[in-house]
Amino acid sequence: MATLLAIVALSLLIIVHEFGHYICAVATGMKVDRFSVFGIGPVIARLGVWRGTEFVISAIPFGAYVHIVGMEADDAPSIAVAEGGRPGEVPDHDPNDPSLYRNRPIWARMLAILGGPLANYLTAMVLGFVALTMIGNEVPLSMRVDAVIEPAAQTAGLLPGDELLKIAGDDVTGRGTQDKILATTGAHKGETVATVVRRDGQEVALDLPLTAEGKIGIQMSPGDVTRETHPAGVAAKTAVLFPIKFSAFQLDALGKWVTGRIEGKMSGPVGIVREIAKSAERGIEAFVEIAIKMSTLLGLFNLLPLPALDGGRFVFLLWEGITRRRVTPRIEETVHGIGMLALLGLILWVTIRNDLFSHLFG
């Protein structure tokens, strides 16, 4: 059930992305002849034609796509978009039709390309606002020891599962518990401090030596937590800023990974679905949180300046805007075609190597 929910959630985020392209294209006077609201590949069901756009369901049950007429070289409508036309008819194609993508002003084409990523960022912000005002988030009131790393702390008797209550006489529970712990230990660098922990419901006193840097030498996670919602103003500010900050963090991590400063592993669709499913099993808050992150990542990924992605198409538009010269459509189409093959190959390789092989064989 969690896996099915994860597939539906990821598909919905992709549908939102394509709807962003669709609405921006239509709003700027472009002709969209097909919107597969679910799936890619061959059409298996036609839902109808509305305002010149045929809405369909496609064979491969994942994602969605929008076909904006005139985006590819020598593009022609695949259905009748004239008033009164029937699906399957191909009307006369006028290369000078002002509603074709290639004939629209550059600002309109830029907006149509950026519409998908913008829709994903807007979705992340809306989900964040709803989550903060209606679901709320967990606020740690104490910190629990996950693992004891420093040998001196082990010798002092600190155990995994201990809940930190007092350090050097200071109460380190309540709101901002982690900051309280860091502030207290930082003020007693290299000292042995009286520490009180809760273990199996009982308070236990320890003499805990701190490192010269003022660290206990442990891994921590929240112990007692409370859930609280936020006022609309605070929630709106947090919801708007989070996707931006998260994108900056991801770009920094990507740069470090590419240059070999940090290690990391890419995930394909199977791995992404698996992570969303795990979050769904942990509850609604974790599920919404990862949906916000995935929507942001989908928007960010498509903005990368790589062929076949929205960012790659936007680069060609920037070149046109700067030089006042349009790249030959056939050349641009070839570049994107090669990029799409490379992207599909990468996804296949990552899925087999990182998602399937490592999952089956560890």
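Buried residues account for 39% of the 362 residues in the protein. The model is predicted. Among contacts between residues at least 6 apart in sequence, 65% join residues at least 24 apart. The secondary structure comprises nine helices and 12 strands.

Two segments, residues 106-135 and 334-352, carry the annotation "transmembrane region" in an unreviewed UniProt entry. In the model, residues 106-135 are 100% helix and 0% strand, and the end C-alpha atoms of this span are 42 Å apart.

Four strands form an open sheet with mixed pairing, in the order E2-E3-E1-E4. Strand E2 (40-50) and strand E4 (65-68) are the edge strands, each pairing on one side only. From one strand to the next, the twist averages 25°. Within this sheet, strand E1 (residues 32-38) pairs with strand E3 (residues 53-60) in the parallel sense, over four bridges. Ser-36 is placed opposite Val-56 of E3. In general, the strands of a sheet pair through backbone hydrogen bonds, in either a parallel or an antiparallel arrangement.

An antiparallel pair is provided by strand E9 (residues 192-199) and strand E10 (residues 202-209), which are joined by eight bridges. Arg-199 has Gln-202 in E10 as its bridge partner. E9 and E10 form a hairpin with two residues between the strands, and Asp-200 in this hairpin adopts a positive phi near 55°.

Thr-177 belongs to helix H4, which covers residues 177-186. Thr-177 counts as buried because its relative accessibility is 2%, against a cut-off for burial of under 20%. When residues up to four places away in sequence are not counted, Thr-177 touches Pro-140, Leu-141, Ser-142, Met-143 and Val-172. For Val-172, there is also a polar approach to the threonine: the backbone oxygen of Val-172 lies 2.6 Å from a polar atom of the Thr-177 side chain. Thr-177 is thus described by its place in helix H4, by its 2% relative accessibility and by its contacts with residues including Pro-140 and Val-172.

Note on methods:
Residues are numbered from 1 along each chain as its sequence is written. This is a predicted model: local features need pLDDT of at least 70, side-chain atom pairs count only at pLDDT 80 or more; totals for chains, interfaces and linings use all residues. Side-chain values use heavy atoms; hydrogens and water are left out. UniProt positions are given in the numbering used here, feature names are shortened, and annotations may be inferred rather than shown by experiment. Two strands pair if DSSP finds at least two bridges between them. Axes are lines fitted to C-alpha atoms, for helices over the stretch in contact, and angles run from 0 to 180 degrees between N-to-C directions. Buried means under 20% relative accessible area, exposed over 50%, partly exposed in between (1.4 Å probe, protein chains only). Contact means heavy atoms within 4.5 Å. A polar contact is a pair of N or O atoms within 3.5 Å; within protein, one must be able to donate a hydrogen and the other to accept it, and residues adjacent in sequence count only if both atoms are side-chain atoms.
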